[in-house]
Amino acid sequence: MPVVSSPTQIKREVLSYLPVHIQRLLYNLKVEDYQQLEEIRLRCGQPLVVRIGERELAVSREGFLTTLLPQGYRVEPDDICRVIASISDNSLYAFEEDIRRGFITIPGGHRVGLAGQVILKEQSIELMKNFGSLCFRVAREVKGCADPVMPTLFSASKGTLHNTLIVSPPRCGKTTLLRDITRRISEGAPRPGLNVVVVDERSEIAGCYQGVPQLDVGPRTDILDGCPKDIGMMMAIRALSPQVVVTDEIGRQSDAEAVMECIHAGVNIISTAHAESLEELRQRPILRKLMADGVFKLIIILSRRHGPGQIEQVIRWDAS
Amino acid sequence: MMLKAIGMVMIIAACGVWGLSGAKGLEKRQEQLGELKAALGFLEKEICFMHTNLSLAMQKTAQFTQFPARLVFAVAARELGQKKGVTAEEAWLKGLQAMRQQAQLQPKDIELLASLAAQLGVSNASEQHKALAALQEELSLQQQKAQRELDSNHKLWSYGGFIMGAAIVLLLI
């Protein structure tokens, strides 16, 4: 499957935001390391760490990867300041909402998670300052990863789309699969394309940068970027007349209520949820209720047994 | 005798021009402080209300600002626009450096403007508003002082040069 993340692309879209001396350290990575690069972590006063597939490695001062963290290049406060300046285009004021949510999305759909001093005001986050660590999460677009599940998404008799829930623990490729399903449904071939609304609360599905999707989510897709799921689903029904609503990580009561509204409005839902297995999913009251009500007709369970995106089970769910 | 007369005229003229340029400097400083204050107001609007990215906000401000105050914004916009990891602080200081060679500002004025460097772009809109408003207020005070200096010293500089030239001539005779 074509993993869209060549070394050139990673260098241009991710490494270019790092200070020049750190960029040089990371230029020594091998092509296969770039292809599996998932995270770059900068913690003030701590070693520079990268996650490549299942391995977590420090990057030495000479630019070599090592399992010995103390040998890693020690990240300076100035490095953090420069990265913050770079990812925000020296304009933190233009990213207030993103900072409150704890991350900034950069062109290419990659996300930079932020940690620092959080200032609260009336029980909500007013701002974050004095940043202490940053985590670059490389967005992976794996076109074609949905191919094995596409035939199961549609009812064989009526040809209608099943409401589908993708379930897995974190880092197993739920969002990547969801994105590719969205693209395929929106493109349509071989079935007619459907109008899709993506309610992308954390900018992970479409990776929008200044409102423009950086990852391919298809030609018939509208994106409500940074919008809370429950509000977004209701907005979508009222304003965008979608045939399908796609959203990530449902789990709150308000999400469940919005899902029910979509179903009653005749809109299909494709979503994801965090859980190791069906049993664990059943232990979450809100998801258990949705399943008991027969909202989701198809459940896809993923794991990381043979790398991210391993499809463990495709369950046709019949509540009765 | 003729040479003496020419020499006297030259001394008086040189001192007079020096005095006049001093008077002009006072006028220009007052004008330039006003221009910088207005430009910072424009920048504040772009940052706090339009949430325009800093490099573009600087560029727009430069377009609406007169020389030499324009230099600080134009140079900073160019530095930030290159996206070579330059911070807003570094870009602003470079802009100030470019302007100080062309402007009639005093070191304390430049110091005041440089105090913005560490705060530019690194906080939310409300903090940016506070920093920019405070600097405009400070510049306003500086401008008032410059005006008072202009009122009291303009004539002194304008005529003082010629008087000093004449005094030197008298001493030499």
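The report below begins with conventions and then takes up each topic in turn.

This is a predicted model, in which local features need pLDDT of at least 70 and side-chain atom pairs count only at pLDDT 80 or more, while totals for chains, interfaces and linings use all residues. Residues are numbered from 1 along each chain as its sequence is written, chains are lettered from A and ligands numbered from 1 in the order in which they are written, and side-chain values use heavy atoms, with hydrogens and water left out.

**The sheet of chain A**

Chain A holds an open sheet of seven strands in the order β4-β3-β2-β1-β7-β6-β5, with antiparallel pairing; here helices (H or I, at least four residues) and strands (E, at least two) are DSSP runs numbered from the N terminus, and two strands pair if DSSP finds at least two bridges between them. Its edge strands, each pairing on one side only, are β4 (65-66) and β5 (103-106) of chain A. Helix α4 (residues 77-87) of chain A packs on the sheet, where it touches β1 (37-43), β5, β6 and β7 (124-137) of chain A, and its direction makes about 105° with that of β7(A); contact means heavy atoms within 4.5 Å, and axes are lines fitted to C-alpha atoms, for helices over the stretch in contact, with angles running from 0 to 180 degrees between N-to-C directions.

| Strand pair | Bridges | One bridge pair |
|---|---|---|
| β5(A) and β6(A) | four bridges | A:T105 and A:R111 |
| β6(A) and β7(A) | 10 bridges | A:K121 and A:S124 |

The hairpin of β5(A) and β6(A) has three residues between the strands, and A:G108 there takes a positive phi near 105°. In the hairpin of β6(A) and β7(A), two residues lie between the strands, and A:E122 in the turn has a positive phi of about 50°.

In a regular strand the side chains alternate between the two faces of the sheet. Both faces of β5(A) are covered, since A:F103 and A:T105 on one side and A:I104 and A:I106 on the other are all buried, where buried means under 20% relative accessible area, exposed over 50%, and partly exposed in between (1.4 Å probe, protein chains only).

A:R111, the partner of A:T105, is also among the residues touched by A:E204, a list that includes A:R137, A:R179 and A:D248 and leaves out residues up to four places away in sequence. A:E204 itself is found in the loop between β9 (196-200) and β10 (221-225) of chain A, and it counts as buried at 14% relative accessibility.

**Nonpolar cores**

A nonpolar core is a set of buried Ala, Val, Leu, Ile, Met, Phe, Trp, Tyr and Cys residues joined through side-chain atoms within 4.5 Å. The largest has 37 residues, and those with the most contacts inside it are B:L40, B:M58, B:F73 and B:W92. The helix giving the most to this core is α1(B), with seven residues. Leaving aside neighbours within four places in sequence, B:L40 is in contact with residues including B:F73, B:W92, B:L132 and B:Q136. A second, separate core of 36 residues includes A:I10, A:L25, A:I104 and A:L134.

**Cysteines**

A:C135 counts as buried at 10% relative accessibility, and B:C48 is buried with a relative accessible area of 11%.

**Between the chains**

Contacts link 11 residues of chain A with 20 residues of chain B. The area buried between them, that is, the accessible area (1.4 Å probe) that two parts lose on being put together, summed over both, is about 1,300 Å², of which carbon and sulfur atoms give 44%. In chain A, A:D89, A:N90 and A:Y93 lose the most area to chain B, together 51% of what that side buries.
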